Amino acid sequence: MGIFSRRQTATAEQPAAAGPDRPAVRSGTAAATLDPALRALTGHWTIDRPHSRIGFSVRHAMVTTVRGAFTDYDSRLYFDGDDPSRSRADLVIRVASVDTGVEQRDAHLVGKDFFDARRHPEMTFRSTAALQESAESFRMTGDLTIRDTTRAVELQLDYLGSVVDPFGYERAGFDGTTTIDRRDWGLVYNQRLEAGGSMVSEKVRLQFDISAIRST
């Protein structure tokens, strides 16, 4: 799951001949050539919270955008560099950690109108499938559960690179985004504007900026 993307996925390139160092991975009707560097990433990872962001953005009053993030969550990631379809991700987010920079707004979000954190303290994402679409772009589908309602979502994901930092941690970077309709999870609260339209958009953009550390 730590594989999450901002840009639209490019059309998969025609692969070079597969071989020991360049295995071909089938994706739909086209095959994508797997970057050899990705093979070294095979293993278990966790999200480094101080250097990552799991956030969202939503239109407010039809004229501006409110942004927020969740600061308390647990993650279990597995990336298979030889066969990305075997990659998987589990994420547990504690909704009371929502932070939009405005205490009154955060209190409203954790209340009954939205997350109802007392009855539903956590939301989860559990991957069900992963697919490579181009050399560094992937698509992951999974079950997103909010307020005990589970719906499938699809994430477009980009691999940004990997490095060993000065402290000896092996890091891999991913980013991504997807858009959901909050009403599908029972988050239906709204106010209508006098001129028409909604105070809070039903469409919510989820954004992931992930720095993952290899688990020891």
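Tyr159 is buried, its relative accessible area being 5% (buried: under 20% relative accessible area; exposed: over 50%; partly exposed: in between; 1.4 Å probe, protein chains only). The structure is a predicted model, in which local features need pLDDT of at least 70 and side-chain atom pairs count only at pLDDT 80 or more, while totals for chains, interfaces and linings use all residues. Residues are numbered from 1 along each chain as its sequence is written, and side-chain values use heavy atoms, with hydrogens and water left out.

The protein comprises 216 residues, of which 47% are buried. Its secondary structure consists of two helices and 13 strands (DSSP runs numbered from the N terminus; helices H or I of at least four residues, strands E of at least two). Among contacts with a separation of 6 or more, 59% are between residues 24 or more positions apart (contact: heavy atoms within 4.5 Å).

Six aromatic pairs were counted (ring centres of Phe, Tyr or Trp, the last by its six-membered ring, within 6.5 Å; planes under 30 degrees apart stacked, over 60 edge-to-face, the rest tilted). One of them joins Phe56 and Phe70, whose ring centres are 5.6 Å apart and whose planes meet at 45°, so that the pair is classed as tilted.

Phe174 is buried at 6% relative accessibility. Together with Phe79 and Phe138, Tyr159 and Phe174 make up one aromatic cluster.

Strand S11 also holds Leu155, which is buried at 2% relative accessibility. The C-alpha atoms of Leu155 and Gly176 are 7.1 Å apart in space, although these residues are 21 residues apart in sequence.

An interaction between a charge and a ring was found for Arg49, whose charged end sits over the ring of Tyr73 at 5.8 Å from the ring centre (NZ of Lys or CZ of Arg within 6 Å of the ring centre and within 35 degrees of the ring normal).

The largest pocket is lined by 37 residues, and Phe56, Val58, Leu109, Phe114 and Phe115 lie nearest its centre (pocket: on a 1 Å grid over the protein atoms alone, an open set of points with protein on both sides within 12 Å along at least five of seven lines; lining: an atom within 4 Å of a point). By class, 26 of the lining residues are nonpolar, eight polar and three charged (nonpolar: Ala, Val, Leu, Ile, Met, Phe, Trp, Tyr, Cys and Pro; charged: Asp, Glu, Lys and Arg; polar: the others, Gly among them). Strand S4 (residues 53-60) makes the greatest contribution to this lining, with six residues.

Ser57 is likewise located in strand S4 and is buried, with a relative accessible area of 9%. Beyond its neighbours within four places in sequence, Ser57 contacts Thr65, Val66 and Arg67, as well as Val204, Arg205 and Gln207.

Conventions. On a 1 Å grid over the protein atoms alone, a cavity is a set of points where a 1.4 Å probe fits but cannot get out, and a pocket is an open set with protein on both sides within 12 Å along at least five of seven lines; lining residues have an atom within 4 Å of a point.
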